[in-house]
Amino acid sequence: MNISKKQKSILTILVIGTFLGFLNQTLMNVALPSIMRDFHIGPGLGQWITNGYMLVNGVMVPLTAFLIQRLTTRKLYLTAVGLFAIGTLIAGFAPNFTILITGRMIQAMGAGVFGPLMNVVVMNLFAPDKRGGAMGLIGLALNFAPALGPSLSGLIVTNLSWRFLFFIVAPLIIADFILAYFLLQNIGEQKKLKFDFLGVVLSSIGLGSLLYGFSNAGATPWSEFTVWGFIIIGLIVTALFVWRQFSTETPLLNMAVLKHREFVIAMSINIILMIAMYGGAMMLPLYMQTIRGASAFISGLVLFPGALVTAFLSPWSGRLYDQYGVKYLTLFGIVITAIGTIILASLSLNTPLWFAVVGQFIRQLGLVLVLMPIQTEAFNALPLSLMPDGSAMFTTVRQIAASFGTAALVTIMTRSALSYGKTHASTLDVLIQLHGIKVTFLTAAAIMLIGAALSLLFKNRAPSDFV
């Protein structure tokens, strides 16, 4: 893809920040046992290392739609990177768990800005028929970083302290701040928007409650108030937030994006993929460590080839989108992902590890063909004036779907294992757990087929047809 020096420097700066932000979402999962031992805490409190990060990150995204239009690109990005760097240093040197969580949440305040801002800048920098290639490069940050997190974390935690997860990120984000200070230019025009304080409060409570409820659902019975109670509160307050956006003259998030058909279809497919991808992604490490007794490092190595294919093929998938459009590329990618997931559903106690590697590789191959193309299609369907709102909407829904998907599939795994255990009382516990994992993979594959059917609703047109 031929891009100017200006475009290349801006894209590089934004990709670095977004990569580090998304990397931090999964970097701590493998390190959690070590952190729990150091601070003498249980898993209920320890999960806030990840859940707290995702909560603040999710709450920041709708606010970012306002900030992108109100502040200059440089001011907003430098502030976000600065917050992320400060949070990283605080977490790395944290003397207790409270300070660690504080650092993580400050990180998340900055990271919540990265993705939506980068999407808006790319849409402004590139013509519609060039955006796929640019978004393919962005796929390195959005898709490779979460896939790389567990592998990198396993390697570092096995050989060094968990604190190095922050000490390695800190100089990289500081370097990105320096690059942005000297090279980043302002993109787009600013608007003198009024600040919708009530909208911020409603979105924070609504989205925060939803994410909190779904996060708890992964490890807590759904009959507990911390699950169903917060989900209901989240749904009610989020509905009030949506009503507020339609009724006020200065909405925090412009719901007019939902009037664009291709955007809604792409967002719907994205919801299905996030449910299947994030929920299913938990199953393979569980299989490796709980069923097969492998170390976190070996588990990470099994995931690593899939992460590599994401890195190498993300730019290629963007170019395919620019050339052929989204309809059949999405269909093809989802079917491949479903095949890889079905392969993982066939794992047994004695399956060679290379078979798990192949299944995960095929799964990631399919995902890389579809994730960035549908995101690019969604944004291409919108006028530039709605881009900040579309980016915030797409990202917010993505996070809620990922949180819900993880909770729902973990529940399916637990329930199916319990049911199987009752009817096969003499079966070994490890085989009962394996049954639950296999059912969950098959469920994820079935969900993906719904996404494949939805992809047929896309209009078969090239990106150059968008205006």
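Which residues does Thr238 touch, not counting residues up to four places away in sequence? Thr238 touches Gly206, Leu207 and Leu210, where contact means heavy atoms within 4.5 Å.

Before going on, the ground rules. This is a predicted model, in which local features need pLDDT of at least 70 and side-chain atom pairs count only at pLDDT 80 or more, while totals for chains, interfaces and linings use all residues. Residues are numbered from 1 along each chain as its sequence is written, and side-chain values use heavy atoms, with hydrogens and water left out.

Back to Thr238. The residue is in helix α10; helices here are DSSP runs (H or I, at least four residues; strands would be E, at least two), numbered from the N terminus. Thr238 has 19% relative accessibility, so it counts as buried. The classes are buried for under 20% relative accessible area, exposed for over 50%, and partly exposed in between, with a 1.4 Å probe and protein chains only.

Thr238 also belongs to the second largest pocket. Leu207, Thr238, Thr396, Val397 and Ile400 lie nearest the centre of that pocket, which has 18 lining residues. On the method: a 1 Å grid is laid over the protein atoms alone, and a pocket is an open set of points with protein on both sides within 12 Å along at least five of seven lines, whereas a cavity is a set where a 1.4 Å probe fits but cannot get out; lining residues have an atom within 4 Å of a point. Grid points are joined across faces, edges and corners, and a volume is the space filled by probe spheres set on the points.

The second largest pocket holds about 330 Å³ of space. At least two lining residues come from each of α9 (197-217), α10 (225-247), α11 (261-291) and α15 (387-423). Helix α15 gives the largest share, 6 residues. What classes make up this lining? There are 16 nonpolar, 2 polar and no charged residues. Nonpolar covers Ala, Val, Leu, Ile, Met, Phe, Trp, Tyr, Cys and Pro; charged covers Asp, Glu, Lys and Arg; the others, Gly among them, are polar.

Now the cavities. The count is 2 cavities of 30 Å³ or more. The largest cavity has about 130 Å³ of space. Its lining consists of 16 residues, with Phe22, Gln25, Asn57, Thr395 and Gln399 the closest to its centre. Two or more lining residues are given by each of α1 (5-27), α4 (48-70), α6 (97-125) and α15. By class, the lining of the largest cavity has 8 nonpolar, 7 polar and 1 charged.

Next, aromatics. A pair of aromatic rings is described by the distance of the centres and the angle of the planes. Rings of Phe, Tyr and Trp (its six-membered ring) pair if their centres lie within 6.5 Å; planes under 30 degrees apart are stacked, over 60 edge-to-face, and the rest tilted. The count comes to 13 aromatic pairs. One of them is Trp162 with Phe166: the ring centres are 6.4 Å apart and the planes stand at 85°, so the pair is edge-to-face. Both Trp162 and Phe166 are buried. Together with Phe39 and Phe97, these two residues form one aromatic cluster.

There is also a charge over a ring, a term that requires NZ of Lys or CZ of Arg within 6 Å of the ring centre and within 35 degrees of the ring normal. The charged end of Arg74 sits over the ring of Tyr181, 5.6 Å from its centre.

Finally, some loop residues. His40 lies in the loop between α2 (32-39) and α3 (43-46). Phi of His40 is near 55°, a positive value in a residue other than glycine. His40 is exposed, at 73% relative accessible area.

Leu384 is in the loop between α14 (353-380) and α15, and is partly exposed at 43%. Where does the chain bring Leu384 and Met123, 261 residues apart? Their C-alpha atoms are separated by 7.3 Å. Leu384 touches Met123, Asn124 and Arg131, again leaving out residues up to four places away in sequence.

Leu349 lies in the loop between α13 (327-345) and α14, and counts as partly exposed at 29% relative accessibility. Beyond its neighbours within four places in sequence, Leu349 is in contact with Ile291, Arg292, Val430, Leu431 and Leu434. The C-alpha atoms of Leu349 and Thr73, 276 residues apart along the chain, are separated by 52 Å.
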